[in-house]
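Here is a briefing for a reader new to this structure. Look at the sequence and the model first, then read on.

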Amino acid sequence: MKISRIINCPTCEKELEWSDKNYFRPFCSQRCKLIDFGEWATEQKKIAGEFIGSLEDDEKDTTQ
Ligand SMILES: [Zn+2]
């Protein structure tokens with residue numbers, strides 16, 4: 001009995017079968033994989049910027 005798992009692409013939420021033939025799983029395509037990676041990289045930069053910003057705020061609070 002062959003069990004097929006259906007997953008959703010994290011980028012476009014399209015349903016796809018989790019199998020060896022889906023080379024870009026959990027993404028439905030290389031495009032979605034690259035889009036997700038790009039968003040992740042952007043998110044990391046944004047978080048880093050906010051983290052630095054909050055550190056500056058803390059310094060201001062301690063000097064006041
Ligand atoms: Zn997709």
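**Lys 33 and the overall picture**

Lys 33 is partly exposed, because 18 other C-beta atoms lie within 10 Å. By definition, a residue is buried if 20 or more other C-beta atoms lie within 10 Å of its own, exposed if 12 or fewer, and partly exposed in between, with C-beta atoms placed from the backbone. The model is predicted: local features need pLDDT of at least 70, side-chain atom pairs count only at pLDDT 80 or more, and totals for chains, interfaces and linings use all residues. Residues are numbered from 1 along each chain as its sequence is written.

**The chain as a whole**

- The chain has one helix and two strands. Both kinds of element are DSSP runs, numbered from the N terminus: helices are H or I with at least four residues, and strands are E with at least two.
- The pattern along the sequence is β-β-α.
- Of the 64 residues of the chain, 5% count as buried.
- Take the contacts between residues at least 6 apart in sequence: 9% of them join residues at least 24 apart. Two residues are in contact if their C-beta atoms, placed from the backbone, lie within 7 Å.

**The two strands**

- Strand β1 covers residues 5-8, and strand β2 covers residues 15-18. They pair in the antiparallel sense over four bridges. Strands count as paired if DSSP finds at least two bridges between them.
- Ile 6 has Glu 17 in β2 as its bridge partner.
- Ile 7 stands opposite Leu 16 in β2.
- In a regular strand the side chains alternate between the two faces of the sheet.

**The loop between the strands**

- The hairpin of β1 and β2 has six residues between the strands.
- Glu 13 sits in this loop between β1 and β2.
- Phi of Glu 13 is positive, near 60°, and the residue is not a glycine.
- Most residues other than glycine have a negative phi, and most peptide bonds are trans.
- Why does Glu 13 count as exposed? The reason is that Glu 13 has 9 C-beta neighbours inside 10 Å.

- Pro 26 is in the loop between β2 and α1, and α1 spans residues 30-63.
- The peptide bond from Arg 25 to Pro 26 is cis, with omega near 5°.

- Which element holds Lys 33? Lys 33 lies in helix α1.
- Lys 33 is in contact with Phe 24 and Phe 27, leaving aside neighbours within four places in sequence.
- From C-alpha to C-alpha, Lys 33 and Thr 11 are 7.4 Å apart in space, and they are 22 residues apart in sequence.
- Cys 32 is also found in helix α1. Cys 32 counts as partly exposed, because it has 19 C-beta neighbours inside 10 Å.
- Which residues does Cys 32 touch, not counting those up to four places away in sequence? They are Cys 9, Thr 11, Cys 12 and Phe 27.
- Cys 32 and Thr 11 are 21 residues apart in sequence, with 5.6 Å between them in space, C-alpha to C-alpha.
- Phe 37 lies in helix α1 too. Phe 37 counts as exposed, because it has 12 C-beta neighbours inside 10 Å.
- The C-alpha atoms of Phe 37 and Thr 11 are separated by 9.6 Å, and the two residues are 26 residues apart along the chain.
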